[in-house]
Amino acid sequence: MQEIELTKVLIGGVSQNQAYFESDMAELAELVKANNMTVVGDIRQNLERSVAATYFGSGKLDEIRQLAAENEAHTLVVNDELSPSQIRNLERDLKMNLLDRTGLILAIFANRAKSREAKMQVQIARLQYELPRLRVGEQANMMQQGGGPGFANRGSGETKLEMNQRTIKNKISQLRHELKTMEVAEQTKRAQRERAAIPTVALVGYTNAGKSTTMNGLLRHFDAATTKTVFERDMLFATLDTSVREITLPDNKKFLLSDTVGFINKLPTQLVKAFRSTLAEAAGADLLVQVIDFSDPNYQEMIKVTEKTLHAMGIADIPMIYAYNKADRQANTAFPLQTGEHDLVYSANDQASLELLTQMITKELFADLTKVTFLIPFADGKWVDYLNERASVLAQDYTANGTQLTVEVTPEDRQRLAKYLVEV
Ligand SMILES: Nc1nc2c(ncn2[C@@H]2O[C@H](COP(=O)(O)OP(=O)(O)OP(=O)(O)O)[C@@H](O)[C@H]2O)c(=O)[nH]1
Ligand SMILES: [Mg+2]
């Protein structure tokens with residue numbers, strides 16, 4: 001098999017009293033892998049504050065040059081969002097390509113995005129990131145040439161930068177416009193589902209926690225032959241698009257399950273905005289299942305990041321189940337185990353776990369269902385179809401006076417069909 005030559009990179013960071021510096025650096029190495037590059041060395045500097053002009057101190061820069069030469073690395077990935085001038089200065093001083101954490105995450109998203117919508121969202125985020133990073137030298141040049149903003153007479157004296165800036169801004173608004181149109185279509189689909197009154201559950205959580213594996217586990221648990229599984233992989237940001245699937249339980253209750261993009265510490269703000277619409281599925285959910293990698297020592301921090309991100313996206317006040325996954329990797333951890341009303345220790349690969357998770361989900365979704373019996377005259381047969389489509393039908397008999405159904409119904413349906421209620 002042919003080996004792909006991976007780009008060799010150094011990773012580096014200034015620790016600046018950051019509480020989670022070590023795990024952040026480990027995560028940066030994972031991000032590097034997810035972008036098809038390989039880490040050949042790392043550089044850490046412990047400073048109160050990073051250096052304004054070059055981020056690292058000058059002694060460190062010497063060290064980086066040496067390490068880069070020894071390992072033939074031409075790229076340095078820094079665990080922070082650098083200012084445009086820091087990137088420029090470092091590129092000049094080190095003669096290396098510079099990528100900051102934000103740029104790296106954006107590159108991964110750009111390489112990985114599949115649906116047209118995700119691609120467009122990522123492109124907007126990238127353009128926004130690039131806009132302030134155009135050469136400052138060129139900017140000064142542009143100012144001298146006059147014809148500032150709002151001037152009608154553009155064109156002849158226009159510099160390359162101005163062209164670029166204007167082209168980029170135009171491109172952004174064009175993409176935004178197209179996305180809006182697509183969002184309207186999505187909203188219509190969502191509204192239809194809401195009218196169909198099928199409750200929805202969204203899997204959310206930190207990247208690589210096991211959301212997609214949980215989704216696939218549930219799909220297969222209830223339909224062994226399903227072909228509707230989603231992509232799961234041990235890599236950061238395996239999922240970049242929301243997928244929605246319908247799950248039908250043995251008692252005919254249905255719910256929609258959506259798999260969503262994972263979160264990460266220091267998610268670039270450009271992406272938070274870009275993915276707000278991708279996460280609309282979660283925002284409209286009746287229940288969130290937060291999948292947590294319980295085998296990661298930092299899982300508590302990951303929960304915090306997830307909640308902060310959900311909050312930033314305006315997703316609040318939705319009931320949540322905390323699903324502590326990968327329990328099979330923890331020695332001496334019994335699972336499945338419900339540890340609280342909304343807390344579950346489980347493994348996405350284990351059938352008993354999936355069963356218990358489903359029970360917790362259905363309890364939350366269908367709590368207000370009551371068991372009743374209706375006798376529906378044959379002339380009103382459409383309501384029999386309605387119930388078979390929407391409710392969980394426990395028994396159905398044909399009598400001389402019509403169809404008798406024992407069903408679990410919502411308070412609304414009970415009200416709607418009150419005239420058919422019978423005592424049994
Ligand atoms: N041992 C073990 N591995 C698991 C379990 N659940 C998921 N994994 C593994 O964890 C890795 C990530 O799983 P995914 O389901 O792709 O994670 P995700 O949350 O969808 O990740 P993103 O889409 O990147 O946000 C895969 O290699 C899975 O096989 C589990 O219960 N036990
Ligand atoms: Mg996934």
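Predicted model: local features only at pLDDT ≥ 70, side-chain atom pairs only at ≥ 80, totals over all residues.

Residues are numbered from 1 along each chain as its sequence is written, chains are lettered from A and ligands numbered from 1 in the order in which they are written, and side-chain values use heavy atoms, with hydrogens and water left out.

The magnesium ion (ligand 2) is coordinated by S212 (OG) and T239 (OG1), at 2.0 to 2.1 Å. Donors are N, O and S atoms within 2.8 Å of the metal (3.2 Å for Na, K and Ca); water is not among the atoms, so sites may look incomplete. S212 belongs to helix α8 (residues 211-222) and T239 to the loop between α8 and β6 (243-248), so the pair ties together parts 27 residues apart in sequence. Helices (H or I, at least four residues) and strands (E, at least two) are DSSP runs, numbered from the N terminus.

The largest nonpolar core has 61 residues, and L31, F56, I64, L76, F109, F237 and L288 touch the most other members. Such a core is a set of buried Ala, Val, Leu, Ile, Met, Phe, Trp, Tyr and Cys residues joined through side-chain atoms within 4.5 Å. Helix α1 (residues 21-34) gives the largest share, six residues. This core lies between domain 1 (1-194) and domain 2 (198-365), because both give residues to it; the bounds come from an automatic or database domain assignment.

Definitions and conventions:
Buried < 20%, exposed > 50% of the residue type's maximum accessible area, 1.4 Å probe, protein only.
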